[in-house]
Amino acid sequence: MVTIVGVRFKKAGKIYYFSPGDLQVAAGDGCIVETARGVEFGRVVIPPRRVPESEVVQPLKQVLRSANAEDYARLESNKRKAEEAFEIAVKKVAEHQLPMRMLEAEYTLDDSKLIFAFSAEGRVDFRELVKDLAAIFRTRIELRQVGVRDEAKILGGLGSCGRSLCCATFLGDFEPVSIKMAKEQNLSLNPAKISGVCGRLMCCLKYECKVYEDNRKVFGTCCKDAPPLMDVDEFYHEMEDEEDYYHDLLKEDSIQEVDYQMMVETAEIEKNTRGETGQQPKAKPTRKKRKPKKSPKKEAVKKDRGQQEKPAGEKTRKKRRRPRRRKPRPKPEGKDE
């Protein structure tokens, strides 16, 4: 068993193991370690613990010391200098007309090396660029070409879910992702829907893949020739074929049993009875149609039948209807007066 601490150099970078030695460090403390790139500042993310030697890559380097106020001040100064160096490097790339995209610049803690990260589609001959940068900064220059996934991790962004990219937030290392994971989860195989900002398959396809695999081991899968696990229509047909299906429904208060044949016979008897008595169903009262109002123009044009128009000054006299005479009733015969 070996005692180790986990150190991370970037926000979502890879975790490296170091030996704490006699130092008392805890998660969140800053420390100074020596790496292949030189002396660097890191932050402890895994507190001291004992692990088997098989899980550790030998030789295990040791933490030099805990970070102090001077180290923090130097770290902030290096960040400002790296921003200025990045702007100069972008201008130099444009001058040399190189097909590359600068992503970031970083100084080591002891200013012994200046590291540039860039992305490009193929190999780039940047020897002249390195000479110009070394003459300007008077230090050792290192140019590192990264892939599309590392490019998305450095630049950051928003995924299709609307949240920050997992690789730029918490993923320390990229794990292999395949199209088989999308098939096992019954996801759409449309590349636009299962690809991330980087153009590769989304890292989140691997999150639930293990759960689907475990469920298949426990519950199994149906045969290819077998029907689906649940057919709703078939399920209800089988229930209706049972004898006590309708009896259970009639137990409810809102449903009552009805003899359909008796209802038909009753309706026929009522129909025959109405035909014998001569009763007919009452018709609905009809509404009287309103006479359309005559327009004044039509009234002026219309003339009385068989009469000529009278002058405007003469008054019209209304015709009095002659009363109709009543005939006298005949006297009854055979009666004595």
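Biologist: Which element gives the largest share of the lining of the largest cavity?

Modeller: First, the general idea. Rolling a probe the size of a water molecule over the atoms shows where empty space is left. On a 1 Å grid over the protein atoms alone, a cavity is a set of points where a 1.4 Å probe fits but cannot get out, and lining residues have an atom within 4 Å of a point. Strands (E, at least two residues) and helices (H or I, at least four) are DSSP runs, numbered from the N terminus. Here the largest share, three residues, comes from β7. This is a predicted model: local features need pLDDT of at least 70, side-chain atom pairs count only at pLDDT 80 or more, and totals for chains, interfaces and linings use all residues. Residues are numbered from 1 along each chain as its sequence is written, and side-chain values use heavy atoms, with hydrogens and water left out.

Biologist: What is the volume of the largest cavity?

Modeller: A volume is the space filled by probe spheres set on the grid points, which are joined across faces, edges and corners. For the largest cavity that is about 30 Å³. The whole structure has one cavity of 30 Å³ or more.

Biologist: Which residues line the largest cavity?

Modeller: K10, R37, E104, E106, I115, F116, A117 and R144. By class, the lining has three nonpolar residues (Ala, Val, Leu, Ile, Met, Phe, Trp, Tyr, Cys, Pro), five charged (Asp, Glu, Lys, Arg) and no polar ones (the others, Gly among them).

Biologist: Now pockets. How many residues line the second largest pocket?

Modeller: A pocket is an open set of points with protein on both sides within 12 Å along at least five of seven lines. The second largest pocket is lined by 22 residues. G159, S164, L165, C166 and C204 lie nearest its centre. The pocket holds about 460 Å³ of space. Its lining has 14 nonpolar, six polar and two charged residues. The largest share, three residues, comes from α4.

Biologist: Back to β7. Why does S119 count as buried?

Modeller: S119 lies in strand β7. Buried means under 20% relative accessible area, exposed over 50%, partly exposed in between (1.4 Å probe, protein chains only). S119 counts as buried because its relative accessibility is 10%. Beyond its neighbours within four places in sequence, S119 is in contact (heavy atoms within 4.5 Å) with M100, R101, L103, V146 and E151.
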